[in-house]
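Here are my notes on this model, as numbered points. Please read them with the structure open.

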Amino acid sequence: MIIIVDYEAGNITSVKRALDYLNIPSKISPDPDEVINAERIIFPGVGHAAAAMKVLQQRKLDTALKQAFLKGTPILGICIGTQIILSHSEEGNTNCLGLIDGECLKFSFNDKSLKIPHIGWNSISIQKNHPVLKSIKPGDEFYFVHSYYPNPSDSKSVLAVCDYGITFAAVIAKTNLIATQFHPEKSGPVGLKLLTGFSQWNGSYAE
Amino acid sequence: MLSKRIISCLDVRNGKLAKSVKFVNTKDIGDPVVTAQKYYEYGIDELVFYDITASSDNRNIMIDVVSEVASKIFIPFSVGGGLRTVEDCTKVRLAGAEKINVNTAAVNNPDLITAASQTLGAQAVVLSMDVLSVPVSSQIPSGYQIVTHGGRTQTGIDAIEWAKKGEKLGAGELVVNSIDADGTKNGYEINLTRMIADAVSIPVIASGGGGKPQHLYEVLTEGHADAALIASMLHYGEYTVKQIKDYLKQRGIKIRST
């Protein structure tokens, strides 16, 4: 059973619907105990980093996520869920969970044809193999919607990159945690493959 | 590099698919969920559903359609038509739509854009604008006027000004629909699309007039559009999503392969 962490972040039902379609058992839960005891966790999100951290703290989901991470539960972060596993976000100058060292930065371009947010389909380039990405092929495109991007301190954490004005980390990972800046639940068949890959992953990954 | 998006527009009336031509003489041509699923499998990048149901009694049928679409297709889609309040928008969002689409209600009450943007996030708010070309005047310096009620009501608002205002109020994307071109299949209004795309820094989706793959090429290059909306060229089986995408790819447009 996958626990989808409910902290009032926008795309929770979309993730649930995608898992239902794939016949992968899941449950949306705001309960820290369920998160700590989960077999597997998806940490989704759309919204503002500061608002997200506030709800996480109110529900004690911040410590629950840290505990689950430390005990080796496979965790998938999505979008804001990816940004706030880093130490800090420029969005609202917010201190975040710090499961992976690094910060989340805002896009800033001199070229006005590069619009912010980065909305739409973009291809990723895989830098390192990972069990969850095993069925993703070069050139596969995913759906992105974001104005901030993850910037881990250690480049070893970067599994895949994407180009939009700059080259930024599209997938990051550390031990039993993997996180995507894009939305697999809105990325058509390739996104569903990634979710399936996560549902089969035992959480082990040698960096 | 970001791909240009090909978005299919599905007009839904009483839960059935319809395609309007110049906003009159609509006729039902199928089931929106079946059609949406087919386009999804063929590689459409995004979908837009406009609820053109006349009676508000039947609005809940649309919520059922949205919910069914959301459980079967896994690409972004937006829903518009008859959304007048933040509550209306939230209902559609909770039913599974990635984005909401406001048009006339936003002209009548621009605060709706801000309120929806604050509640759902700017990325979830699409401002759709129906535009009619008019003689250049001091009131309409661009020669493009915002109209409502499917083109029947002139608002006296300049389209370029409205686009900029929409962005400022919190819209995350704009759909620029040319009433002059809509249903003609003679091509998008390139000049209008480019003027708006150059005036704002949010994505612009061109709408109205797409009849051939070449039209999409024109609006995605000369028209500076980030995405193009298509309807009848797909609905009547004249082209497949793949044919359109192949045409654009061959001409160097970055398009998502499926």
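**Notes on the predicted model**

1. Start with the interface between the chains. Chain B puts 23 residues into the contact, and chain A puts in 29 residues. On the side of chain B that touches chain A, the residues split into 9 nonpolar, 8 polar and 6 charged. Please keep in mind that this is a predicted model.

2. Next, a helix pair in chain B. Two packed helices are described by the angle between their axes and the distance between the axes. Helix α6 (residues 159-169) of chain B packs on helix α7 (residues 190-199) of chain B at about 35°. Their axes lie 9 Å apart. The crossing of α6(B) and α7(B) is right-handed.

3. Which residues make this contact? From α6(B) come A159(B), I160(B), A163(B) and K164(B). From α7(B) come L192(B), M195(B), I196(B) and A199(B). By class, the contact of α6(B) with α7(B) counts 7 nonpolar residues, no polar ones and 1 charged.

4. Now a sheet in chain A.

5. Last, the pairing at β6(A). Strands of a sheet pair through backbone hydrogen bonds, either parallel or antiparallel. Strand β5 (residues 88-89) of chain A and β6(A) run antiparallel, joined by 2 bridges. Which residue of β6(A) does H88(A) stand opposite? The residue facing H88(A) is N95(A).

Definitions and conventions: Residues are numbered from 1 along each chain as its sequence is written. Chains are lettered from A and ligands numbered from 1 in the order in which they are written. This is a predicted model: local features need pLDDT of at least 70, side-chain atom pairs count only at pLDDT 80 or more; totals for chains, interfaces and linings use all residues. Two residues are in contact if their C-beta atoms, placed from the backbone, lie within 7 Å. Ala, Val, Leu, Ile, Met, Phe, Trp, Tyr, Cys and Pro count as nonpolar, Asp, Glu, Lys and Arg as charged, and the others, Gly among them, as polar. Axes are lines fitted to C-alpha atoms, for helices over the stretch in contact, and angles run from 0 to 180 degrees between N-to-C directions. Helices (H or I, at least four residues) and strands (E, at least two) are DSSP runs, numbered from the N terminus. A crossing is left-handed if the near helix is turned anticlockwise from the far one by less than a right angle, and right-handed if clockwise. Two strands pair if DSSP finds at least two bridges between them.
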